[in-house]
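Subject: Structure for you, with notes

Hi,

Here is the structure I promised to send over. Please have a look at it first, and then read on for what turned up.

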Amino acid sequence: MIETILSAAAKKEFSRAIRFDQGREPSLPPGDGKPDRLLYVHIPFCEALCPYCSFNRVLFDESLCRRYFEALGREMGLYREAGYDFGGLYVGGGTPTVMIDELEKLLLRARDTFSIREISVETNPNHLTDRHVAALQRAGIQRLSVGVQSFDDTLLRVMGRDRYGGGDEIAGRLAEMEGRFQTLNVDMMFNMPSQTADILEKDLAVLLKTGPAQITYYPLMVSDSTRRRVEHTLGRVDYGRERRYYSRISERLGERYRFASAWCFSREEAMIDEYIVDYDEYAGLGSGSIGYMHGICYANTFSIPAYIETVEKGRIPLMASRSFSMRDRARYDFVMKLFGLELDLQSLKEKYGTALYRLLWSDIAAFVLAGGLSYDDGRLHCTARGRYFWVIMMREFFTAVNNFRDFCMNRMP
């Protein structure tokens, strides 16, 4: 019952918060030169389009892709000119490694432009080749995140991901990556319509045998339009079994891994896919990228040609933005930090002053009473029960973001 109420409340709240201002020209204030933000770079090109993905992505076109990478470099320069600096870099997609030579040049350019200390890049299993790995190592990445989703051949075929290799082949490639990067993360999914409990158990067994440094196990998160596509190709989405699957994942992986977030399991301290936990603010570069800085959530244009054209004219290609109220900002920090399982109340008091408890008292009280939070020495901690609460909230948060992406893509010329 609590989970159902939480899911409905989170869905309503995030849908309200991620509703961009109409009729206002989006803009960003000048930067302050501090390298405490993250730079997110979006590469929208894919070799094939997975039916469950709600991100801005298109089929690979080599000529357009090369122009796009050049535009990304120019956009980095625009942020530098505006006074921004960044300490972390995360490259997502799409498939960032679809043109490894261009990606390597872009990463090196970013390191020359900003005070980058850590770099994380997403890839697919078929790009775990000597050529790709050598380029990423030369560019100095610390963390490689591989989109596996499942090792089950039938499920991979249903998802359209068998083109990246069979389950045994993928497991072998992951084993070969051992020691090649500071952190090798494996992205997995649970609660796919065609995924049975037996498939989940076998996937967990492969992961424990392979033993990557980090495993991120996402629940299925789809926009409203993508849900219709998923139901047409994969089957009906059943949230009734989500908690059972999550509990089993936590039980099996919790024996050898620590919780780095509610759905990330790690053997070491390392950057995680949810950079929004480790960084209070982040800039979004690339077509359809979303950023959050100075209490403003904003999005770049979702049209790749318009993105390139705007950057070539020397302008940051903003499409929409929303200024968060103080309550929205405090709630955002509350949700994101506790998704990382711990919140330092003193740091939030320094940020929001005496208004902190007025802004958050009802949220804190509700989760404490529901058994989702505990308090110790100035910090709030997610309990074992609370971890699933935060899975629900982040699922609804990213679903709201995905719905916004749909809205933006439908407005493209």
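To start, which residue in β13 is the bridge partner of Tyr292? The partner is Cys297. Before more of that, a word on the ground rules. This is a predicted model, so to speak of a local feature takes pLDDT of at least 70 and side-chain atom pairs count only at pLDDT 80 or more, while totals for chains, interfaces and linings use all residues. Residues are numbered from 1 along each chain as its sequence is written, and side-chain values use heavy atoms, with hydrogens and water left out.

On confidence, pLDDT is the predictor's confidence in each residue, from 0 to 100. The protein has a mean pLDDT of 89, with 93% of its residues at 70 or more. Where pLDDT is low, the predicted coordinates should not be read in detail. Helices (H or I, at least four residues) and strands (E, at least two) are DSSP runs, numbered from the N terminus.

Back to β13. Strand β12 (residues 290-293) is joined to β13 by four bridges, and the two run antiparallel; strands count as paired if DSSP finds at least two bridges between them. They form a hairpin with two residues between them, and His294 in the turn has a positive phi of about 55°. On to strand β14 (residues 318-323): five bridges join it to β13, again antiparallel, and Cys297 has Arg322 as its bridge partner there. Strand β13 (residues 296-300) is largely enclosed by the rest of the structure, because five of its five residues are buried. Buried here means under 20% relative accessible area, exposed over 50%, and partly exposed in between (1.4 Å probe, protein chains only). Both faces of β13 are covered, with Ile296, Tyr298 and Asn300 buried on one side and Cys297 and Ala299 on the other.

Arg322 turns up again in the surroundings of Asp328, which touches Glu13, Arg16 and Arg322, not counting residues up to four places away in sequence. Contact means heavy atoms within 4.5 Å. Asp328 sits in helix α12 (residues 326-339) and counts as buried, at 8% relative accessibility.

Three bridges join β15 to strand β17 (residues 379-382), and Asp344 has Arg379 as its bridge partner in β17.

Now the aromatics. The whole structure holds 24 aromatic pairs. Rings of Phe, Tyr and Trp (its six-membered ring) pair if their centres lie within 6.5 Å; planes under 30 degrees apart count as stacked, over 60 as edge-to-face and the rest as tilted. Tyr68 and Tyr307 make a tilted pair, 5.2 Å centre to centre with 45° between the planes. The pair links helix α2 (residues 62-81), which holds Tyr68, to helix α11 (residues 304-312), which holds Tyr307, 239 residues apart. Tyr68 is buried at 0% relative accessibility, and Tyr307 is buried at 0%. The pair of Tyr246 and Tyr388 is tilted because the ring centres are 5.7 Å apart and the planes lie at 35°. Tyr246 belongs to helix α9 (residues 242-253) and Tyr388 to helix α15 (residues 384-410), 142 residues apart. Ring pairs also link a cluster, whose members include Tyr292, Phe324 and Tyr332.
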